[in-house]
Amino acid sequence: IMVATKDYADYVKAAVKAGADLIISGAGLPEKLPEYVKGSNTKIAPIVSTEKAAKVMLRIWKRKYNVVPDLLVIEGPKAGGHLGFHREQLEMFTDETYAQEVKKILTVVREIEADSHKNIPVVLAGGIYDRADMDRALALGVDGVQMGTRFVTTYECDADLSYKQAYIDCKKEQIGIVKSPVGMPGRAIFNTFIKHGSHKIDKKCLHCLEHCNPKEIPYCITRALIAAAKGNLDEALLFCGANAWKAEKLEHVADIMEELK
């Protein structure tokens, strides 16, 4: 659940009421998440991208709620969609330098674990596409990986076929960083919408974001993401991870899982 959404608290509470086992929350620091799930069995996991964000997040939860995460997601600079970095950081981080950042975040988590006497599993996301990527991530000391892009081009994914085909057809150089109306950089495929068409989309505000000025945004992000899901690519924001260009065909989830095992 994105912190940047206008009705964030309502979304969290609705998820809890529906019986969600776990809420993963990013696109901003989910400072009040423990407050919204209090008294429930729903587990909570913040998304962080840097050591600084991890320190701030964990200290706030500990000080205000005496709570630690049930899970922590580290989302790296190769992830798709909204990214928890400034553009300068995205240009600065390499695989090697970000590996060091991951280890710094793990050190912060282990200190919190020792103080709270609670195990906090850590999952790494961003640019993990195959078994080799997964092995490199686990070698850093994380407990698991989160993969999104690889599973878009599966038969079981419920996105429109043309959305999946956009991944299969795109080249490495067609994937880049865009400025999102959310106020964060994001990674997407540079399609016609990004290059020429974003100014043509209906800008009528749906009031989906906490902070949004319809007069200044290039397009309504909700409308653009709905267009992507429906396969209307001329009006679509096609978020993707850095390795989306590696997709060559549709696959079954079972086959991917077998590869990863």
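**Notebook: a walk through a predicted model**

For me, buried means under 20% relative accessible area, exposed means over 50%, and partly exposed is in between (1.4 Å probe, protein chains only).

**Ground rules.** I am reading a predicted model, where local features need pLDDT of at least 70, side-chain atom pairs count only at pLDDT 80 or more, and totals for chains, interfaces and linings use all residues. Residues are numbered from 1 along each chain as its sequence is written, and side-chain values use heavy atoms, with hydrogens and water left out.

**Confidence.** I looked up pLDDT, the predictor's confidence in each residue from 0 to 100. The protein averages 91, and 97% of the residues score at least 70. Which element has the lowest mean pLDDT? I found helix α9 (residues 192–197) there, with 79, while strand β5 (residues 122–125) has the highest mean, 97. My helices (H or I, at least four residues) and strands (E, at least two) are DSSP runs, numbered from the N terminus. I also noted a reminder: where pLDDT is low, the predicted coordinates should not be read in detail.

**Aromatic rings.** I found six aromatic pairs in the structure. Rings of Phe, Tyr and Trp (its six-membered ring) pair if their centres lie within 6.5 Å; planes under 30 degrees apart count as stacked, over 60 as edge-to-face and the rest as tilted. F85 and F93 have ring centres 5.7 Å apart and planes at 70°, so I logged the pair as edge-to-face. F85 is buried at 4% relative accessibility, and F93 is buried at 13%. Next I checked F193 and Y219: their ring centres are 5.0 Å apart and their planes are at 70°, so this pair is edge-to-face. Why does the pair tie together parts that are 26 residues apart in sequence? Because F193 lies in helix α9 and Y219 in the loop between α9 and α10 (221–230). Ring pairs also link F85, F93 and Y98 into a cluster.

**S180.** S180 is in the loop between β7 (175–179) and β8 (185–189), and it is buried at 3% relative accessibility. Leaving aside neighbours within four places in sequence, S180 is in contact (heavy atoms within 4.5 Å) with H82, Y219 and I221. Which side chain makes a polar contact with the side chain of S180? It is that of H82, at 2.8 Å. A polar contact is a pair of N or O atoms within 3.5 Å; within protein, one must be able to donate a hydrogen and the other to accept it, and residues adjacent in sequence count only if both atoms are side-chain atoms.

**Strand β2.** I counted five buried residues among the six of β2 (residues 43–48). β2 pairs with β1 in the parallel sense over four bridges, and I23 has I44 as its bridge partner in β2. Two strands pair if DSSP finds at least two bridges between them. β2 also pairs in the parallel sense with β3 (residues 72–75), over two bridges, and V48 has I74 as its bridge partner in β3. From β2 the chain crosses through helix α3 (residues 51–65) to β3, a right-handed β-α-β crossover: with the strands pointing away from the viewer, the path from the first strand over the helix to the second runs clockwise.

**A20.** My last stop was A20, in the loop between α1 (8–18) and β1 (22–25). A20 is partly exposed, at 24%.
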